[in-house]
Amino acid sequence: MALRKKPAQADADQPRKRPAAAQVQEGQRVRLSHKKTQATLKPAIQPGPAAASLAYTESALACPRAHIHLSVVFPSGRKLLDNIRVESDMHVRSLQEEAQRAHGIFLSPLILPAGIQVPGSTSLKEAGLADGDVLTAIMAPAVRIYATDSAFVAIKGNGVCVAWGDPREGGNIEAVCSQLGTDVQHVYSTSKAFAALKTAGSVVTWGSRPRGGDTGQHQEQLSDGVLSVVCNWSGAMLALKRDKSAVVWGHGPFQSHKSIVQEQLSRDVEGAYPTHDGNFLIVRSDDTVKLLGSPKSREEGKDVDRQLSNNFHSLCHAGFASAALTKAGSVITWGDPSSCADSGSLPDQLRSDVQGIFATDSAFAAMKTDGSVISWGNPGRGGLTAGNLTGVQSITASLGAFAALMHDGSVLCWGSPGQGADCSAVQEQITEGVQSLFATRSAFAALKSDGSIVTWGSQNWGGDSSAVKAQLTDVQNVYSTGYAFAAVRRDGSVVTWGNQQRGGDCSPVRNQLQDNMS
């Protein structure tokens, strides 16, 4: 592979403006511009000399090949590789690795001039790159974390995956480590299994085999062309493919009617949403919706299809009921009427102006555009708010309680006291400055503007962080299983607490997590 700088031209210092992206998935188009301002980049490791592994040799020149000149820049316009000469059959990953070596950093997959993130295994020619093109580079985050109910998996800045927690539910990746490699784009999860989407569009699964960890006969269909994976917490996974088809596997009612389901997923699938019964609501290219599955479920779902077709926005489920938000801002429910699914008894305030729906295991809370909240369902598990609740910015739920982040940075809770509704012990700490809320099954964690963490709820489920309080500074983000929390600090280090067997103890992999660049 050859790399040689093209002779300078009059405008060589001005990279051509191209679309870019900060966080995208393969196939997603974005629009950004390369601005002419740039802060000093702080490399994650000490930059070494520019690698010469791609430099031309005399023997290489003796065998002429097609060449183009390319640049790699940050969205700000700062150049990582400037107008370099490369072979057109070179892989995009090799270009990315050269930029990383030259500057001592790690990057997410490069973004084409058209604004599409390209798999590293694609050749420059296959990507349609032409002489003088500019690719956009985005710094890879220090660590990204995903969770099942009892395990975490972290993707480090160098693309290496590290897992911990219950090995039966995804806490051990030894069996799939070689398949995961270093180009995982995103990870999805049911309660007991993970699915990793790679930049080339293939899927790798692990964890509980019946609950999504085994793709079975669908392995070949999932070897390429996958855009995203939708997971039902009960144990089913559905992959959306580039050709508008979909593939479903795992635990769900669809297993008894495979031929019907296969026909339903063979074409025109635009999106999917998990429902309360382990099923999926399918959104088609013409904006109509269909409940996936057997003739019985199809008959029961006729009213849902009729009400949501050309009017569907999002979906949430609690216990044995589902609640859908329409484009018009109204709420439609179905499922067990005793489990908060009786549409006829919904408050009139839910007929319009609803912008989001949230759920515990047996209650719903709807946030309206004016910042007010309406809840219904089991009163003892969040179905009854304390008075007239207004000024709400966002809502987070445990299994039995809601926590609302107010516009003034304070927090208000309601529902089951044993599952986080009782925040009296920390009330003074959450009256201001709270930026985000996170939840396990029975506890909450608040991330404050100064990077500190405040926790409350069941001690065995992460409600007590006193043992790691000194480490919980400069926190950037928080993740959770059903029983434990994991906080990522500014320096990329990870701090965990909660049930030790279910994600609250990362000490077995601490060295792997700390050595972010290996």
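This is a predicted model: local features need pLDDT of at least 70, side-chain atom pairs count only at pLDDT 80 or more; totals for chains, interfaces and linings use all residues.
Several strands take part in the lining of the largest pocket, at least two residues being supplied by each of E5 (143–147), E8 (184–189), E11 (226–232), E17 (312–318), E20 (354–359), E23 (392–397), E26 (434–439) and E29 (475–480). The largest share of the lining comes from strand E17, which contributes four residues.

In soluble globular proteins, nonpolar side chains tend to be buried together. In the present model the largest nonpolar core comprises 22 residues, and those with the most contacts inside it are Leu95 and Leu124. Two or more residues of this core are given by each of strand E2 (67–73), strand E3 (79–87) and helix H2 (92–103), with the largest share, four residues, coming from E3. When residues up to four places away in sequence are not counted, Leu124 touches Ile68, Leu70, Val86, Glu87, Ser88, Met90, Val92, Leu95 and Leu129.

Helix H2 has twelve residues and spans 17 Å from its first C-alpha to its last, a value close to the 16 Å expected at 1.5 Å a residue. The buried residues of H2 are Val92, Ser94, Leu95, Gln96, Glu98, Ala99, Gln100 and His103, and the partners against which the buried residues of this helix pack are E2, E3 and strand E4 (134–136). Following H2 in the chain is Gly104, for which phi is positive, near 65°.

A further buried position is found in a loop. Ile138 is placed in the loop between E4 and E5, and this residue counts as buried because its relative accessibility, 13%, falls under the 20% cut-off. Although Ile138 and Ile111 are 27 residues apart along the chain, their C-alpha atoms are separated by 8.3 Å.

Notes. Residues are numbered from 1 along each chain as its sequence is written. Side-chain values use heavy atoms; hydrogens and water are left out. A nonpolar core is a set of buried Ala, Val, Leu, Ile, Met, Phe, Trp, Tyr and Cys residues joined through side-chain atoms within 4.5 Å. Buried means under 20% relative accessible area, exposed over 50%, partly exposed in between (1.4 Å probe, protein chains only). Contact means heavy atoms within 4.5 Å. The expected span of a helix is 1.5 Å times one less than its number of residues.
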